[in-house]
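Work through the exercises below with the sequence and the structure in view. Try each task before reading its solution.

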Amino acid sequence: MKENGDGSMKSMSKDEENVVGYHSNNVKKVRLNSTLAALLDDPILADVPKNPTLSHVDTLISLELGSAMRISVLKLDGTAIDVLIMNSATLKDLKLAIKQKVNETEQSKMGHRHISWKHVWANFCLAHHNEKILDDSSVLQDFGIRNNSQVRFIPYVMSKNSRTHSRRRKHRFFHGLNKCA
């Protein structure tokens, strides 16, 4: 129902109601997006990603409260990425955070690009102070990883029979050819 100028009530059609509702929802979304963009441009919130999810914001709040940690992951090319995880995180949680961070970075820089994480984890592992972290269920704090710690990728190949890591062999194909000569 809509009030006319003379005080009488006039009923609105469903189409009119949908149009009014559509415009008010759009106005709300535009207002929310502009407010969010203004907040994200604030230098205090520089560490918040441009398209934050609720989990990103929750982890950042936990970091400020001391119940999360920022870990620097050194890649093989010498660059580092920072990931945020909870203090009680396991290696599996860290691997997931690395995967999400790298995928976000690759999307923003190069567009769609596929990384085979199964291949990455089959050929590399993470290490902290030269100690390899191999068990996905192990808690990171048990390895001395705290806020602002650094872990790095190191080459490591998992053997297919036992599904455990073994010493990495270089040039497997050529290794076999040397025995024939």
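The model used here is predicted.

**Exercise 1.** Determine how many residues of strand β5 are buried, and sort them by the way they point.

Solution. Step 1: locate strand β5, which spans residues 124-128. Step 2: apply the cut-off for buried, under 20% relative accessible area. By this test, 5 of the 5 residues in β5 are buried. Step 3: sort the side chains. Phe124, Leu126 and His128 point one way from β5, while Cys125 and Ala127 point the other way.

**Exercise 2.** Describe how β5 is joined to β6.

Solution. Step 1: strand β6 covers residues 131-133 and runs antiparallel to β5, with 3 bridges between them. Step 2: alanine 127 has lysine 132 of β6 as its bridge partner. Step 3: the two strands form a hairpin, and 2 residues lie between them. In this turn, histidine 129 has a positive phi of about 50°.

**Exercise 3.** Is isoleucine 61 buried, partly exposed or exposed?

Solution. Step 2: its relative accessible area is 46%, so isoleucine 61 is partly exposed. Step 3: on the surface, Ile61 forms a nonpolar patch with Val57 and Leu65. Together these residues have about 290 Å² of accessible area.

Key: Residues are numbered from 1 along each chain as its sequence is written. This is a predicted model: local features need pLDDT of at least 70, side-chain atom pairs count only at pLDDT 80 or more; totals for chains, interfaces and linings use all residues. Side-chain values use heavy atoms; hydrogens and water are left out. Buried means under 20% relative accessible area, exposed over 50%, partly exposed in between (1.4 Å probe, protein chains only). Helices (H or I, at least four residues) and strands (E, at least two) are DSSP runs, numbered from the N terminus. Two strands pair if DSSP finds at least two bridges between them. Patches are made of residues with over 30% relative accessible area and no salt bridge: like charges are joined within 9 Å, nonpolar side chains (Val, Leu, Ile, Met, Phe, Trp, Tyr) within 5 Å. Accessible areas come from the Shrake-Rupley method with a 1.4 Å probe; for residues, only the protein chains shown count as cover. A salt bridge is a side-chain nitrogen of Lys or Arg within 4 Å of a carboxyl oxygen of Asp or Glu.
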